[in-house]
Amino acid sequence: EGSPAGLALLALAGECADADPAFSLRCCRAACEVESSSEMCRARALASRARAAERCNFVAEAVDCWQSSLEMLAADASAPPADLRGTLMAMEEAAARMGP
């Protein structure tokens, strides 16, 4: 599920993640801008953006995206607890890399 444009951008981001991490991050940023189908879809787009930001060593952006994703998941009563735990752990790991 998700908007066609958002899904297409995330697919493109995934295809080029290893070969061109910066382009992948730009695709994920664009997907976050166009995704409007549901909170869950926006949270997933933000998680993809966070992973792409981490590959580019943009740790602060990654932490912000993980935090926003977590907030959206927490607001969605249908969000699986495993998604909440995984997102929280990813955010904590990224924040630890940021340092004090």
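**Helix H3 and its neighbours**

Tutor: Helices H3 and H4 cross in a left-handed way, meaning that the near helix is turned anticlockwise from the far one by less than a right angle. The helices are DSSP runs (H or I, at least four residues), numbered from the N terminus. This is a predicted model, in which local features need pLDDT of at least 70, side-chain atom pairs count only at pLDDT 80 or more, and totals for chains, interfaces and linings use all residues. Residues are numbered from 1 along each chain as its sequence is written, and side-chain values use heavy atoms, with hydrogens and water left out.

Student: At what angle do H3 and H4 pack?

Tutor: The angle between H3 (residues 39–55) and H4 (residues 59–75) is about 160 degrees, and their axes are 8 Å apart. Axes are lines fitted to C-alpha atoms, for helices over the stretch in contact, and angles run from 0 to 180 degrees between N-to-C directions. H3 and H4 are therefore roughly antiparallel, a term for angles over 145 degrees.

Student: Which residues of H4 make the contact?

Tutor: On H4 they are Glu61, Ala62, Cys65, Trp66, Ser68, Ser69, Met72 and Leu73. Among their partners on H3 are Met40, Ala43, Leu46 and Ala50. Contact means heavy atoms within 4.5 Å.

Student: How does H2 cross H3?

Tutor: That crossing is left-handed. The axes of H2 and H3 come within 9 Å and cross at roughly 155 degrees, so H2 is roughly antiparallel to H3. From H2, the contact involves Pro21, Ser24, Leu25, Cys28, Arg29 and Cys32.

Student: Which residues of H3 are buried?

Tutor: They include Met40, Leu46, Arg49 and Ala53, where buried means under 20% relative accessible area (1.4 Å probe, protein chains only). The buried residues of H3 pack against H1 (4–15), H2 (21–34), H4 and H5 (81–98).

Student: How many residues does H3 have?

Tutor: H3 has 17 residues and reaches 24 Å from its first C-alpha to its last, close to the 24 Å expected at 1.5 Å a residue. The expected span is 1.5 Å times one less than the number of residues.

Student: Changing topic, where is Ala79 found, and is it buried or exposed?

Tutor: Ala79 lies in the loop between H4 and H5. Ala79 counts as buried because its relative accessibility is 9%. Leaving aside residues up to four places away in sequence, Ala79 touches Met40 and Leu73.

Terms used: Helices (H or I, at least four residues) and strands (E, at least two) are DSSP runs, numbered from the N terminus. Angles under 35 degrees count as roughly parallel, over 145 as roughly antiparallel, 65 to 115 as roughly perpendicular and the rest as oblique. Buried means under 20% relative accessible area, exposed over 50%, partly exposed in between (1.4 Å probe, protein chains only).
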